[in-house]
Amino acid sequence: MSEKRLKRKIIKKKLFTKNRLVILNEDTFEEVFSLRLTLMNVFVVATIGALLIIFVTTYIIAFTPLREYIPGYASTKLKKDATELALKSDSLSKALQKNEAYIASIKKILTGDLDVAKFSKDSITATNIETISEEDLQPTKADLLLREQVAREDKYNLFEKAKPKAGVVLFPPAKGMITEKFNPKEKHYAVDVALAKNTPIKSVLSGNVIFADWTPTNGNVIIIRHNNGFISAYKHAASLTKDQGETVKSGEVIALAGSTGQESTGVHLHFELWKDGYPIDPTIFIAFE
């Protein structure tokens with residue numbers, strides 16, 4: 001035990017023994033600076049300095065923009081810009097896909113290379129024919145009571161307003177005899193209407209002109225995009241009165257009848273009607289004669 005105590009006393013003595021740090025001028029040996037200290041003081045000051053350096057470094061990395069200059073740390077601005085560019089590129093890719101699909105649809109309208117879809121005249125949507133039994137057509141007691149209640153309300157309702165049953169009414173582009181009907185089996189997705197030369201051709205609905213130019217096969221062609229997914233195409237015109245990008249109204253003159261293009265056999269209107277990318281028979285909705 002005495003040896004351990006002796007060693008402790010020696011260590012304690014070394015730690016707390018006062019020493020002097022003197023800085024002398026090399027030429028004159030004149031004392032420039034002196035400092036009285038012990039090993040314990042040196043250890044405490046070094047520890048505090050190390051902790052202070054660690055704290056300052058941690059604060060700079062965590063809470064100041066200076067961390068961007070430290071190798072291995074990415075810039076916050078660069079991360080934000082990269083995220084925005086990724087979102088923009090994703091949005092642009094989706095918009096590009098939609099534009100490509102739209103352009104492909106326009107190309108199919110010009111070439112007529114597409115399968116036909118069947119549409120109902122009443123709903124203007126594809127329908128399936130289903131058989132309904134007579135039992136399903138019989139009203140229930142609840143239905144009879146509801147009908148009586150509605151009949152009593154309608155009897156004394158003075159403010160009832162008539163509402164149109166047809167959602168879309170198409171204006172005839174021109175009146176004339178149909179020389180060739182809509183025939184999807186032979187890939188004739190249009191009706192050909194015989195007309196006199198320079199007969200006004202009118203828009204079936206209001207919309208925007210998405211194509212108005214001359215093509216070698218179909219001559220002067222004008223294509224109009226309408227609401228509810230409708231697209232109408234008018235081919236073999238003698239001249240066009242509307243340009244691409246213009247807005248037209250229902251019944252407004254857009255072209256004059258003629259016989260332009262390699263596939264034209266006489267003065268007539270080659271009229272196509274499309275719905276949601278599929279050709280439909282225009283005679284279902286329009287009376288040409």
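**Charged pairs and a buried valine**

Author: In this predicted model, aspartate 90 counts as partly exposed because its relative accessibility is 38%. Lysine 94, at 48% relative accessibility, is likewise partly exposed.

Reader: What does aspartate 90 form with lysine 94?

Author: Side chains of opposite charge can pair when their charged atoms come close. Here aspartate 90 forms a salt bridge with lysine 94, with 3.7 Å between the closest N and O atoms. Both residues belong to helix H3 (residues 76-111) and are four residues apart, about one turn of the helix.

Reader: How many salt bridges does a search of the whole structure find?

Author: The search finds five. One of them joins the side chains of glutamate 252 and lysine 242, at 2.6 Å from N to O. Glutamate 252 lies in the loop between strand E9 (247-248) and strand E10 (253-257), and lysine 242 in the loop between strand E8 (230-240) and E9, so the pair ties together parts that are 10 residues apart in sequence. Through shared partners, salt bridges join Lys242, Glu246 and Glu252 into one network. The bridge between glutamate 246 and lysine 242 spans 4.0 Å, N to O.

Reader: Is valine 209 buried or exposed?

Author: Valine 209 counts as buried because its relative accessibility is 3%, below the 20% cut-off. This residue sits in strand E6 (residues 207-215). Beyond its neighbours within four places in sequence, valine 209 has contacts that include Lys242 and Glu246. Glutamine 244 is 35 residues from valine 209 in sequence, yet their C-alpha atoms are 5.1 Å apart in space.

Note on methods:
Residues numbered from 1 in each chain as written. Predicted model: local features only at pLDDT ≥ 70, side-chain atom pairs only at ≥ 80, totals over all residues. Heavy atoms only, no water. Helix = DSSP H or I, 4+ residues; strand = E, 2+ residues; numbered from the N terminus. Buried < 20%, exposed > 50% of the residue type's maximum accessible area, 1.4 Å probe, protein only. Contact = heavy atoms within 4.5 Å.
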